[in-house]
Amino acid sequence: MTWDDGNPYVDKLADGVYAYIQPAGGWMVNNCGVIADGAGTAILVDTTSTERRNRAVLAEVAKVSSGAPRAVVNTHHHPDHTYGNGFLPAETLVIGHDKCRDEVLAAGLEATRVITSPEYGNLVLRPPNVTFSDRMTLHLDSFGVELQHVGRAHTSNDVVVWLPEQRVLFAGDLAFAGGQPFLLEGSVAGFKKAIAHMRDLAPSVLAPGHGPVCRGDEVGVLLDDLDAYVSYIAEVAEVSFKEGLTPLEAAVKHRDNRFKGWAETERFVGNLHRAYSELKGNPIDTRLTVPSVWPDMVAFHGGPIACHA
């Protein structure tokens, strides 16, 4: 199966390393990862948003591992990557950045009241119970799995999962392939630093948080495109802020741009909200939430924003 078929599928990235890919990668439709060693021990990278989707992920994990997953690594706190934690066996450790735990607890199930269309199932909030501040290495049978906090970028708690032996990178939502990235809860400058961090790792394979897997030269193309997009956000924000436009007015004025074909164009508005906050000199950890800017995003979109989870 491939991305164009439109159904979830498993993409083998290396021996024992898989991405569970969910087209079309929009709101609440993310990718997950499975890393299994020769002994059958499995580590998950993220869960997903609904009970049905998580049951499907776990069914695929069972095909390549033995017993319950040893752990799941949450690349950040957003609900499409963490709501499935509660469907994992009790013995599975949930690992994330220190701030990931804080944000999961702070957000609760608020997203279900903003994006109401999915059948979420019997959600049980389950934050990470093992946290770290900078780096952590998980040791499987014959190789290590490196967890690296990259600073504030997409959120305050973004973590990449790096397999140096296989040169495979699970980027979480630091990489959207085919969709506009979302900086509202992160940082414009920080996102560019995160892109540089991923580029320095020089992965052969990159599994994005949304969109199809990138291999070889595709990796560099994606990172260059993301970097150009973030630069564009900064440029539009600087000009529009001086003109006295609101983020929504700025987004409407600059709607016709080279990135307009990327999915989830309404994120353009949210990203400008973050850029404006930085131009105002607000602290980097100034809280901007999805519910607070959702009306602007809906207005820019021209009506209700669809979710196909």
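In which sense do strand S4 and strand S5 pair, and over how many bridges? Select residues 42-45 for S4 and residues 71-73 for S5: the two strands pair in the parallel sense over three bridges. Strands count as paired if DSSP finds at least two bridges between them. Helices (H or I, at least four residues) and strands (E, at least two) are DSSP runs, numbered from the N terminus. Within this pair, valine 45 has valine 73 of S5 as its bridge partner.

Two remarks on the source apply throughout. The model is predicted, and local features need pLDDT of at least 70, side-chain atom pairs count only at pLDDT 80 or more, while totals for chains, interfaces and linings use all residues. Residues are numbered from 1 along each chain as its sequence is written, and side-chain values use heavy atoms, with hydrogens and water left out.

**The sheet as a whole**

Now display the sheet to which S4 and S5 belong: an open sheet of seven strands in the order S1-S2-S3-S4-S5-S6-S7, with mixed pairing. Strand S1 (9-14) and strand S7 (130-132) are at the edges; each has a single partner strand, so one side of each lacks a neighbour in the sheet. From one strand to the next, the twist averages 25°; angles run from 0 to 180 degrees between N-to-C directions, and axes are lines fitted to C-alpha atoms, for helices over the stretch in contact.

**The S1-S2 hairpin**

Select S1 together with strand S2 (residues 17-21). The two run antiparallel and are joined by five bridges, with valine 10 opposite tyrosine 20 of S2. They form a hairpin with two residues between them, and glycine 16 in the turn has a positive phi of about 75°.

Most residues other than glycine have a negative phi, and most peptide bonds are trans. The peptide bond from proline 23 to alanine 24 is cis, with omega near 0°.

Then select arginine 167, in the loop between strand S10 (159-163) and strand S11 (168-176). Its phi is positive, near 60°. Arginine 167 is partly exposed at 31% relative accessibility; buried means under 20% relative accessible area, exposed over 50%, and partly exposed in between (1.4 Å probe, protein chains only).

Alanine 202 is found in the loop between helix H5 (188-201) and strand S12 (205-210). Phi of alanine 202 is also positive, near 55°, and the residue is partly exposed at 43% relative accessibility.

**Helix H3 and glycine 108**

Select helix H3 (residues 98-107), which lies across strand S6 (93-97) and S7 and runs at about 105° to S6. Glycine 108 is in the loop between H3 and helix H4 (111-114) and is buried, at 18% relative accessibility. Not counting residues up to four places away in sequence, glycine 108 touches Tyr83 and Leu125, contact being heavy atoms within 4.5 Å. Glycine 108 and tyrosine 83 are 25 residues apart in sequence and 9.5 Å apart in space, C-alpha to C-alpha.

**The cysteines**

How many disulfides does a search of the whole structure find? The search finds zero, a disulfide being a pair of cysteine sulfur atoms within 2.5 Å. Cysteine 32 is buried, with a relative accessible area of 3%. The sulfur of cysteine 214 is 17 Å from the closest cysteine sulfur, in cysteine 32, which is too far for a bond. Cysteine 214 is buried, with a relative accessible area of 8%.
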